[in-house]
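Here is a short report for a reader new to this structure. Take a look at the model, then read on.

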Amino acid sequence: IYFANLLVLIFLHYFFYKNKNSTFEAYCWIFTIFFFTIFIGLRSEIGGDWIHYKEYFYTYNLGTEKYTNKNLLDFGLLYFLINKIAYITGISFYGNNFICAIIFMLSIASFLQNSRNRWLALAITFPIIIIILGMGYTRQGLAFAFSLLLLRSLENKKLFISFIYLILAILSHQTALFISSFFIIYF
C-alpha cells in the first residue's frame, strides 16, 4: 500500500506538470491531503511508538495511574491535552491519532501550498516524513508539524504567531527546543 501511494503521487506530479488545470489540481490536492490524514489517523497497530502511546492513553485516562509533572513533561503537555480531549469526547485512541494526523497533514499542506512543484515535494516527503514520522512517532510528528508552521510564519514575518508555534512544538516534544535556533537565524 505504501508503494502504491508513492506511485500515485509520482503519477500526479507528472500529470499536473504536463496538464495545467488549477481547478482539478486543487480538488486532487484537497483529496490527497484528506486521504493521507485518514491514512495516518485511522491506522491500527502501526508505528514505532504505537504500544507506548496506546498504553499512555488508557493508563492516564482510566485513572489507573496518576499523572505528575514529570509525566506531563515526558509525554508533552499538548499531547496530553489531545489525549484528554479524545478521551472525554469518546473518540478513543483512534480519534487521538486522527486529531494529530489533521494537524500534521494540514501543516505539510500549508508548507507545500505555494511551492513550485508541490506534488513532487509531497512525493519526496511521503516515505520518510509521512510514513516514518507521521505514522511512527506521533509526538515528534506534532512537533515537526508546528515547526513547519513556525517556518512558514517566519517567512511571512509573523513573529508573534511563530512564537506560538514554537511553544506548541515544544509542548508536543521536548526536542523541539532546538527549533528555537530558527529565531536566532531569523534575527
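A patch is built from residues with over 30% relative accessible area and no salt bridge; like charges are joined within 9 Å, and nonpolar side chains (Val, Leu, Ile, Met, Phe, Trp, Tyr) within 5 Å. A salt bridge is a side-chain nitrogen of Lys or Arg within 4 Å of a carboxyl oxygen of Asp or Glu. Accessible areas come from the Shrake-Rupley method with a 1.4 Å probe, and for residues only the protein chains shown count as cover.

The model is predicted: local features need pLDDT of at least 70, side-chain atom pairs count only at pLDDT 80 or more, and totals for chains, interfaces and linings use all residues. Residues are numbered from 1 along each chain as its sequence is written, and side-chain values use heavy atoms, with hydrogens and water left out.

**The nonpolar patch**

L77, L81, F163, I167 and L171 make up a nonpolar patch on the surface. Together they have about 390 Å² of accessible area. Helix 5 (77-89) and helix 9 (159-172) are the elements that each give two or more residues to the patch. Helices here are DSSP runs (H or I, at least four residues), numbered from the N terminus. Helix 9 supplies the largest share, 3 residues. F163 lies in helix 9. F163 is partly exposed, at 43% relative accessibility. The classes are buried (under 20% relative accessible area), exposed (over 50%) and partly exposed (in between), with a 1.4 Å probe and protein chains only.

Helix 1 covers residues 2-18, which makes 17 residues. From first C-alpha to last it reaches 25 Å, close to the 24 Å expected at 1.5 Å a residue. The expected span is 1.5 Å times one less than the number of residues.

Which residues of helix 1 are buried? They are N5, L6, L9, L12, H13 and F16. These residues cover an arc of only 120 degrees around the axis, so they sit on the same side of helix 1. The arc is that of the directions from the helix axis to the C-beta atoms. On the other side of helix 1, the exposed residues are F3, F11, Y14 and K18. The cover over the buried residues of helix 1 includes helix 2 (22-41) and helix 7 (118-136).

**Salt bridges**

The count of salt bridges comes to 2. Both partners and their accessibility are set out here.

| Salt bridge | N to O distance | Relative accessible area, nitrogen partner | Relative accessible area, carboxyl partner |
|---|---|---|---|
| R118 and E25 | 3.8 Å | R118: 10%, buried | E25: 15%, buried |
| R152 and E155 | 3.5 Å | R152: 17%, buried | E155: 52%, exposed |

What does the bridge between R118 and E25 tie together? R118 is in helix 7 and E25 is in helix 2, so the pair ties together parts that are 93 residues apart in sequence. R152 and E155 are 3 residues apart in helix 8 (residues 138-155), separated by about one helical turn.

**W29 in helix 2**

W29 also belongs to helix 2. W29 is buried, at 4% relative accessibility. Setting aside neighbours within four places in sequence, W29 is in contact (heavy atoms within 4.5 Å) with A109, L112, Q113, R118, W119 and L122.

**Helix 8**

Helix 8 has 18 residues, and at 1.5 Å a residue they should span 26 Å. The end C-alpha atoms of helix 8 are 26 Å apart, which agrees. Is helix 8 largely enclosed or largely open? Of its 18 residues, 14 are buried, so helix 8 is largely enclosed by the rest of the structure.

**Positive phi angles**

Most residues other than glycine have a negative phi.

E45 is not a glycine, yet its phi is positive, about 55 degrees. E45 sits in the loop between helix 2 and helix 3 (50-61). At 61% relative accessibility, E45 is exposed. S92 is not a glycine either, and has a positive phi of about 65 degrees. S92 lies in helix 6 (residues 92-112). S92 is partly exposed, with a relative accessible area of 27%.
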